[in-house]
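Open the model in your viewer and keep the selection tool at hand. The tour goes stop by stop.

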Amino acid sequence: MPDIFGFFGIAAVLVMIIGFYSILVSQNLIRTLIGMEILTKSVTLLIILAGYLTHKMGLAQAMAITLIIIEVALTVVAVGIVLCIFRNENNVDAANLRDLKG
Amino acid sequence: MTDEQLHIIEAISLAVMVLLALWSVMTTFLLRAVVGLALTSALVATLMFLLGAPMAAVFELSVCAGLIPAIFLSAISITRRQTALTMVVETKEQIKQFWFLPVLVIMAGVAMTQVHVPQLAVRLAGVPDQDVREVLWNLRHLDLLGQIIILLGGAFGVVALVRGVQK
């Protein structure tokens, strides 16, 4: 039976799998973005866990803060793209996006 | 608080975090999915506090449990044209198609509890443990510059996208 830090790792991996599942299964673009956010949560938790186990919490926190800021920028741009798609196609269903030009 | 009590709180928080993430993905309504995401982020922030990472926990709580759900809610309010019934029907079809994936996840989780997870033996060469503020300002100053550029790029990108649509 693993110790508590094993449970941390297992829980983070399960959340990562859940995020991947949402990205793979969802046709709604907003739900896909939510899956990507959930995936990032697990990565952030694993970085902090690695920092705790290696006693490098300062570096781990710096990495986690960097990751959170990049996640925000990514989310904002991705939501902007989804809104543009909605204004052109009037829906956010990935299955209906078949009008590629070029 | 004893170590055992702390471990119990951590174990319960981990289990609730996984369940909330699962609920956020499996629920048929987008608003509930966003609420589940916010609650998952709040629990991740709690776990970060318990692991001794208060600054990262504050960022996680304020940004990922506050700002990002607000962005999603505004996007949902703008794009919500489908009726609730249509969304429920489509989500039920998807769940039928990929019913085996959550079962695989649960089986993988149970199997992993039987495996001995070895302790990490990673060594970071030549980096003494410092305060996160010293690390960000002295050691990772290029990361700070990168973060500023990414934030500005994201802001200008969104402005450009919105302007292009309006034309």
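Where is the place of A:His55 in chain A? Select A:His55: its place is the loop between α2 and α3 of chain A. Before moving on, note that this is a predicted model, in which local features need pLDDT of at least 70, side-chain atom pairs count only at pLDDT 80 or more, and totals for chains, interfaces and linings use all residues. Residues are numbered from 1 along each chain as its sequence is written, while chains are lettered from A and ligands numbered from 1 in the order in which they are written.

**Stop 1: the loop residue**

Stay on A:His55. Its phi is positive, about 60 degrees, although A:His55 is not a glycine. Is A:His55 buried or exposed? A:His55 counts as exposed, because it has 11 C-beta neighbours inside 10 Å. (A residue is buried if 20 or more other C-beta atoms lie within 10 Å of its own, exposed if 12 or fewer, and partly exposed in between; C-beta atoms are placed from the backbone.)

**Stop 2: the helices on either side**

Now select α2(A) and α3(A). Their axes come within 9 Å and cross at roughly 175 degrees. Therefore α2(A) is roughly antiparallel to α3(A). (Axes are lines fitted to C-alpha atoms, for helices over the stretch in contact, and angles run from 0 to 180 degrees between N-to-C directions; angles over 145 degrees count as roughly antiparallel.) Colour the contact of α2(A) with α3(A) by class: 19 residues are nonpolar, five polar and two charged. (Ala, Val, Leu, Ile, Met, Phe, Trp, Tyr, Cys and Pro count as nonpolar, Asp, Glu, Lys and Arg as charged, and the others, Gly among them, as polar.)

**Stop 3: the whole of chain A**

Zoom out to chain A. Three helices and zero strands make up its elements. (Helices, H or I of at least four residues, and strands, E of at least two, are DSSP runs numbered from the N terminus.) The C-alpha trace of chain A spans about 50 × 30 × 20 Å along its principal axes. Of the 102 residues in chain A, 51% are buried.

**Stop 4: the side that touches chain B**

Show both chains. Here 61 residues of chain A are in contact with 68 residues of chain B. (Contact means C-beta atoms, placed from the backbone, within 7 Å.) On the chain A side, α1 (4–25), α2 (29–53) and α3 (57–89) each give two or more residues. Which element gives the most? Select α3(A): it gives the most, with 25 residues. By class, the chain A side has 42 nonpolar, 14 polar and five charged residues.

Note on methods. Contact = placed C-beta atoms within 7 Å. Parallel < 35°, antiparallel > 145°, perpendicular 65-115°, else oblique.
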